[in-house]
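Here are a few friendly notes to read alongside the model. I have kept them as numbered points so that you can check each one in your viewer.

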Amino acid sequence: MHEQVSSDYNQESLYSIHGRIGRIRFLAYSLLLNIMLIPLVLIAGGLFEAISYLFGSDSLIANTLIFLIGILTFLVYFYILLTPSKRRLNDLNKSGWVSLLWFIPMINIILWLCLVFVKGDIGINNYGAPSRPPSLLIKIIAALMPITIIFMVICIALVLSVFKHAYQL
């Protein structure tokens, strides 16, 4: 089933920026980390509203606090986006710096397709040992990623349709 040259596997955790992950683990980790981002965004939104209410929406203090919370939220999102990508690129024996291609429109789609479909190195490469074979749970979570993407596309289409009809665009 798994053609592993080495019996040593990378044992890094979900949050680690070190080591390598395979295609299935990449999908699962990406989905899990993005789901974990939802409460962060909701908390940040709640804090934005609370600060605006307490200090007034035009207050310098409110705007500064909202800006700082926004920067912190962006940094957490940046980490969540780039961590699995960097580790997957390491599995392909590529530098994690390549993950910055996420920020280039259209190129990011090609990057995602490569990360999902290109097979990584079988044995030890410049970035260490391969990750252990995915468990059944990781495989199930990874299988949910395409379903989640389809669901998101449908939701976006529905929202756009509602706006189109509501505003008669």
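This is a predicted model: local features need pLDDT of at least 70, side-chain atom pairs count only at pLDDT 80 or more; totals for chains, interfaces and linings use all residues.

1. Aspartate 91 and arginine 88 are both buried.

2. How many salt bridges does a search of the whole structure find? The search finds 2. Shared partners join them into one network made of Arg20, Arg88 and Asp91.

3. Is arginine 20 buried or exposed? Its relative accessible area is 0%, so arginine 20 is buried. Aspartate 91 has a relative accessibility of 6% and counts as buried because the cut-off is under 20%.

4. Next, the helix pairs. Two packed helices are described by the angle between their axes and the distance between the axes. For helix α1 (residues 23–55) and helix α4 (residues 136–167), the axes come within 8 Å and the crossing angle is roughly 65°. That makes α1 roughly perpendicular to α4, and the crossing is left-handed.

5. Which residues of α1 and α4 meet? From α1 come Ile24, Arg25, Leu27, Ala28, Tyr29, Ser30, Leu31 and Leu32. From α4 come Ile138, Lys139, Ile141, Ala142, Leu144, Met145 and Thr148. Sorted by class, this contact of α1 with α4 has 11 nonpolar, 2 polar and 2 charged residues.

6. Helix α1 also packs with helix α3 (residues 107–117): their axes come within 7 Å and cross at roughly 125°. The two helices are therefore oblique to each other. On the α1 side the contact uses Arg23, Phe26 and Leu27, and on the α3 side Trp112, Leu115, Val116 and Phe117. The residues of this contact divide into 6 nonpolar, no polar and 1 charged.

7. Threonine 73 is a residue to check in helix α2. With a relative accessible area of 16%, threonine 73 is buried. Leaving aside residues up to four places away in sequence, threonine 73 touches Leu40 and Ala44.

8. Finally, the backbone of the loop between α2 and α3. Most residues other than glycine have a negative phi. Asparagine 93, found in this loop, has a positive phi near 65°. Methionine 106 lies in the loop between α2 and α3 as well, and its phi is also positive, near 75°. As for accessibility, asparagine 93 counts as partly exposed at 28%, whereas methionine 106 is exposed at 60%.

Definitions and conventions. Residues are numbered from 1 along each chain as its sequence is written. Side-chain values use heavy atoms; hydrogens and water are left out. Axes are lines fitted to C-alpha atoms, for helices over the stretch in contact, and angles run from 0 to 180 degrees between N-to-C directions. Helices (H or I, at least four residues) and strands (E, at least two) are DSSP runs, numbered from the N terminus. Angles under 35 degrees count as roughly parallel, over 145 as roughly antiparallel, 65 to 115 as roughly perpendicular and the rest as oblique. A crossing is left-handed if the near helix is turned anticlockwise from the far one by less than a right angle, and right-handed if clockwise. Contact means heavy atoms within 4.5 Å. Ala, Val, Leu, Ile, Met, Phe, Trp, Tyr, Cys and Pro count as nonpolar, Asp, Glu, Lys and Arg as charged, and the others, Gly among them, as polar. A salt bridge is a side-chain nitrogen of Lys or Arg within 4 Å of a carboxyl oxygen of Asp or Glu. Buried means under 20% relative accessible area, exposed over 50%, partly exposed in between (1.4 Å probe, protein chains only).
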